[in-house]
Amino acid sequence: MTLEGQLTRLSRTWRGPAMAAMVAFLAGVPGLLAIPPLDRDEARFAQATAQMLESRDFVVIRYQEEPRFKKPIGIHWLQAASVSVLSNPEDRAIWAYRIPSLLGAMLAAAACAWGAAAFFGEPAGMLAGAMLGTTFLLSTEAFIAKTDATLCGATTLALAALGRIYADTHDGPPAGKRAWLLFWVGIALGTLVKGPITPMVAGLTILALIALDRKVLWLGRLKWIWGLILLLAIVGPWAGAVTVATDGRFWSEALGGDLVPKLAGGQETHGAPLGYHTLLAPLLMFPMTLLLPAAAVAAWTRWREPGVRFALAWLLPTWLVFEAIPTKLVHYTLPAYAAVAWLAAAALVAPISLRSRWTGAALAGLFGLLLAGATFYMIKLYGGASDLQFAIPSAFLLAAAGLAGGYLLVRKAAQPAVVAALGLGLVGHAALAAGLVPRLSPLWLSARIDKAMAKAQLLPEQGMADAPVTVAGYAEPSLVFALGTATELAGPEDAAQAIYEHRPAVVEQRQEAAFEQALSVYGAKSHLVTTVRGRDYSNGKKMTLRIYEAAPNSPQAPEQ
C-alpha cells in the first residue's frame with residue numbers, strides 16, 4: 001500500500017485525531033520522565049500544587065507563605081488530581097505534575113486534526129495534528145508542569161469546534177450535535193487555566209470572520225445562553241470562593257499586578273521588539289518549518305476558501321496582539337500554532353510551487369542544522385566528552401529532519417517529506433530531552449543538592465535531621481520543591497542559626513564569610529558534607545553551594 005493509502009486508512013473518522021494525539025504523546029513523554037524539575041515557573045507551579053494537597057486548601061494558591069495571585073486555579077486542580085491518582089506530594093515526583101501538560105498537548109494535536117479534517121480532508125487533518133504535536137515548542141511544553149500546553153489544548157479544542165460549525169455552514173461535513181458543547185468546554189477550561197487568553201483568541205477569530213464574511217447567523221449555533229451558563233457553572237464556583245477567601249485581593253493583584261504590567265511594558269525583563277515571535281517561529285515550529293512557505297502562499301492565494309479563511313481569522317489577530325504587547329515570552333503565541341498547521345494542511349492538498357518547495361527545504365535544513373549546532377554548544381557549556389554519545393545522535397536526527405524533509409519536498413513528494421521530517425524530528429527531540437539534557441549536570445543544582453543530602457541522610461523526611469533546611473544565597477523554587485515546603489530561604493546568619501540548632505544548611509560561596517562570622521557569634525561549629533558546583537540557568541550565575549551539618553562537638557541551642 002502506498003503512503004497516501006496508509007495515511008487515508010489511518011486517518012478515517014476518529015483514528016486521525018487519535019493518531020495525532022499519539023504522536024504528541026511520543027513527542028512529550030521522554031522529557032516528562034527524564035528531565036529534573038525546571039526553574040522557575042515549573043517548580044513554582046509544582047510546589048504550589050504540592051502545598052495545595054498538603055494543606056487541603058483548593059481555593060487560594062500559595063508558594064510557601066506567599067499567595068500566588070497571578071493565574072487561575074485550573075492547572076493546580078489538574079496537577080493535584082494527577083498527583084493524587086499517580087503519586088503523592090511527599091514523593092516530589094515531578095513527572096506526576098507534568099501529566100496535565102502532556103494531556104493538553106495531546107488534546108491540542110487531536111483537536112487540530114479534528115478541526116482541519118472538516119476543511120482539508122482526513123489525511124491532511126491528521127498530518128496537521130501531528131505537525132502541531134511535534135513542533136519544538138509544544139513538544140517541549142508537553143513536559144513542563146505549567147499552564148501553556150494545557151492552554152493550547154483548551155484553545156485548540158474551542159477553535160476546532162468553532163471551525164467545524166463554520167465548515168458545516170459553508171458546505172462542509174456536519175459539525176455534529178456536540179460541537180457547540182465542545183466549544184464552550186474549551187472556553188471554560190482555558191479560562192480556568194489562564195484567564196482571558198482562550199476567550200480572547202476565540203473572540204478575535206469570530207470578529208475577524210464577521211468582518212470577512214459579513215454574516216453572523218451561523219454563530220447562533222453556538223447556543224450562547226446555554227454556553228454562558230456552562231461557562232459560569234465551571235468557572236463561577238472557584239471565582240466566587242477565591243473572591244471571598246481573599247477579600248477580592250486575587251482579582252486586584254492578578255489584573256493590576258500581573259496582567260496590566262505585561263500590557264504596559266516588558267514585565268520582569270521579558271520585553272522584546274515587534275517581530276520577536278515571527279522571527280522565532282521557524283525555530284519553534286520545527287519541523288513544521290518545512291511547509292511554512294507553502295502555508296504562506298496558500299494563505300495569500302486561497303484566502304477565500306473557508307478553511308484558509310478561518311485559519312487566517314484565527315492566526316492573524318491573535319499573532320498581532322501578542323506582537324504588540326511589550327512583554328514577550330516564546331510560548332505566548334502557542335494558542336495560534338494550530339492555525340499555522342491548518343494552513344500547512346491546506347498546502348498539502350494542492351500542488352506546491354517550485355519556489356515554495358525550495359524555500360521550505362532551505363528553511364527546514366537551516367533550522368535543523370541550527371538545532372544540531374545548539375546541541376553541541378550545550379556540550380561545550382555544560383557537558384563533557386562523555387556526553388557526545390548522546391549529543392551526536394540528537395544532532396544528527398535534528399539535522400536529518402530538516403535535510404531529509406527538504407530533499408523529499410524538492411522532489412515533489414510532499415506527504416513523504418512531512419512524514420520523514422516529523423518522524424526524525426520527534427526522535428531527535430526525544431533523544432535531546434531524555435538523553436542529553438538530563439546529563440548536563442551543571443544545570444541541575446537543586447536535584448544534585450537533594451541527592452547529596454539524601455546520601456548523607458540530611459533530608460528531614462528521612463527522620464535523621466531536623467527541619468527545616470536553611471538555604472543562603474540560592475533561592476530557586478526547584479530546591480524548595482525538592483526539600484519540602486518548610487525549606488527556609490534566608491541569609492547567612494539564619495544558616496548559622498540552623499547549624500547552632502543542629503539543622504542542615506546550604507550556603508552559597510558568596511555568603512560564606514558572613515556565615516562563618518555568624519557561626520563564631522553563636523559559638524557553633526559546622527562540618528562540610530559536600531560541595532555542589534554548577535550554574536543557575538535562571539540568572540546565568542555560576543554557583544558553588546556547600547552543604548553543612550553541625551559538627552559532633554558543636555554546642556546546641558537550648559530547647560525552647
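Which helices are included in what covers the buried residues of α4? The points below take this up after the chain as a whole.

1. This is a predicted model, in which local features need pLDDT of at least 70 and side-chain atom pairs count only at pLDDT 80 or more, while totals for chains, interfaces and linings use all residues. Residues are numbered from 1 along each chain as its sequence is written, and side-chain values use heavy atoms, with hydrogens and water left out.

2. The chain holds 23 helices and seven strands, taken as DSSP runs (H or I of at least four residues for helices, E of at least two for strands) numbered from the N terminus. Its radius of gyration is 26 Å, close to the 24 Å from the globule rule for 560 residues, so the chain is as compact as a globular protein of that length; the radius is taken over C-alpha atoms, and the rule is 2.2 Å times the number of residues to the power 0.38.

3. Of the 560 residues, 55% are buried, meaning under 20% relative accessible area with a 1.4 Å probe, protein chains only. Among contacts (heavy atoms within 4.5 Å) with a separation of 6 or more, 76% join residues 24 or more positions apart.

4. Helix α4 (residues 74–86) has 13 residues and should span 18 Å at 1.5 Å a residue, which agrees with the 18 Å between its end C-alpha atoms; the expected span is 1.5 Å times one less than the number of residues.

5. The buried residues of α4 are Gly74, Ile75, His76, Gln79, Ala80, Ser82 and Val83, and what covers them includes α3 (41–55), α5 (94–120), α8 (148–168) and α9 (179–194).

Definitions and conventions:
Buried < 20%, exposed > 50% of the residue type's maximum accessible area, 1.4 Å probe, protein only.
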